[in-house]
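Take a look at the structure below, and let's walk through it together. Keep the sequence handy as we go.

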Amino acid sequence: MDMDNMLAGGALGQFPLEQWFYEMPVCTRWWTTATVVTSVLVQCQVITPFQLFYSTRAVFIKNQYWRLVTTFLYFGPLSLDLLFHVFFLQRYSRLLEESSGRSPAHFSWLLVYATSVLLVLSPMLSIPFLGSALSSSLVYIWSRRNRDTRLSFLGLLVFTAPYLPWVLMAFSLVLHSTVPKDEICGVIVGHIWYFFSDVYPPLHDGHRPLDPPAWWIRLFEGRPIESEATDIDNDFAAAAAPELR
């Protein structure tokens, strides 16, 4: 390879990790990044897990509002288990976000819904860290929307997508020897979203109660172009009306 080709490759190409990072949609990209950074900071003892978990007393009495976010970012110290979680997080979060359209409005509203419900359920079920629950919600929604997709788990087990959440729960049970109540909670939250977004609308004239409100969509997309064009046409029509009379 000559020097010109090397320079061209360096200018136009990217390192595989960099390319993988920038190909991720915006919400998935920053959630994945924040998850890895949080674990690195804990590993380096810059922060501790005790500063990250969700507690209603710490948040609403001691005003430690960052816990509303950090509870979804910490999956444990740097380990194979963390790598496993990050892989499933970015993979199925990315697939869901890409399927929701170019704008992050719909996917970000899904995250707002899921995080809000999980924060309400957390004190009742004593789940201090909610990252796995949120990830399970997204995995469940994706699996129900892609029911004919065939998957292979660790190259040993082949199954269709709707079984994926249950396979992951069984794996977690074997790995940690405890019932994964956070993942079960995530599946319940995900099922509520799936029901009202995919099952309920065809039965009720297309009504979608969990769709983002118009003001939320405007935060990401601005004023719809079609609406602007209609307003301009109406203005021209109003101006021309006296002449036609």
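Glu-98 is partly exposed, with a relative accessible area of 42%; on this scale, buried means under 20% relative accessible area, exposed means over 50%, and partly exposed lies in between, using a 1.4 Å probe and protein chains only. You'll find Glu-98 in helix H6. Helices here are DSSP runs of H or I with at least four residues, strands are runs of E with at least two, and both are numbered from the N terminus. Setting aside residues up to four places away in sequence, Glu-98 touches Glu-23 and Pro-25, where contact means heavy atoms within 4.5 Å. Met-24 is 74 residues away from Glu-98 along the chain, yet their C-alpha atoms are separated by 8.7 Å.

Before going on, a word on what you're looking at: this is a predicted model, where local features need pLDDT of at least 70 and side-chain atom pairs count only at pLDDT 80 or more, while totals for chains, interfaces and linings use all residues. Residues are numbered from 1 along each chain as its sequence is written, and side-chain values use heavy atoms, with hydrogens and water left out.

Now stay with H6 and find its partner. Two packed helices are described by the angle between their axes and the distance between the axes. H6 covers residues 80–99 and packs with helix H9 (residues 164–176) at an angle of about 170°, the axes being 13 Å apart. The axes are lines fitted to C-alpha atoms, for helices over the stretch in contact, and angles run from 0 to 180 degrees between N-to-C directions. That angle makes H6 roughly antiparallel to H9, since over 145 degrees counts as roughly antiparallel, under 35 as roughly parallel, 65 to 115 as roughly perpendicular and the rest as oblique. Who meets whom? From H6 come Asp-81, Phe-84, Phe-88 and Tyr-92, and from H9 come Leu-164, Leu-168, Phe-171, Leu-175 and His-176. Sorted by type, the residues of this contact are 7 nonpolar, 1 polar and 1 charged. Here Ala, Val, Leu, Ile, Met, Phe, Trp, Tyr, Cys and Pro count as nonpolar, Asp, Glu, Lys and Arg as charged, and the others, Gly among them, as polar.

Is Thr-35 buried or exposed? It's buried, with a relative accessible area of 1%. Leaving out neighbours within four places in sequence, Thr-35 has Leu-73, Phe-75, Leu-82, Val-86 and Leu-89 in contact with it.

Helix H8 (residues 131–145) is mostly covered too, with 13 of its 15 residues buried. At 1.5 Å a residue, H8 should span 21 Å, and its end C-alpha atoms are 22 Å apart, which agrees; the expected span is 1.5 Å times one less than the number of residues.

The loops have something to show as well. Most residues other than glycine have a negative phi. Gln-45, in the loop between H3 and helix H4 (56–60), has a positive phi near 60°, and it is exposed at 71% relative accessible area. Ser-126 sits in the loop between helix H7 (105–125) and H8. Its phi is positive too, about 55°, and Ser-126 counts as exposed at 53% relative accessibility.

Finally, step back to the whole chain. It has 12 helices and 2 strands, and 38% of its 245 residues count as buried.
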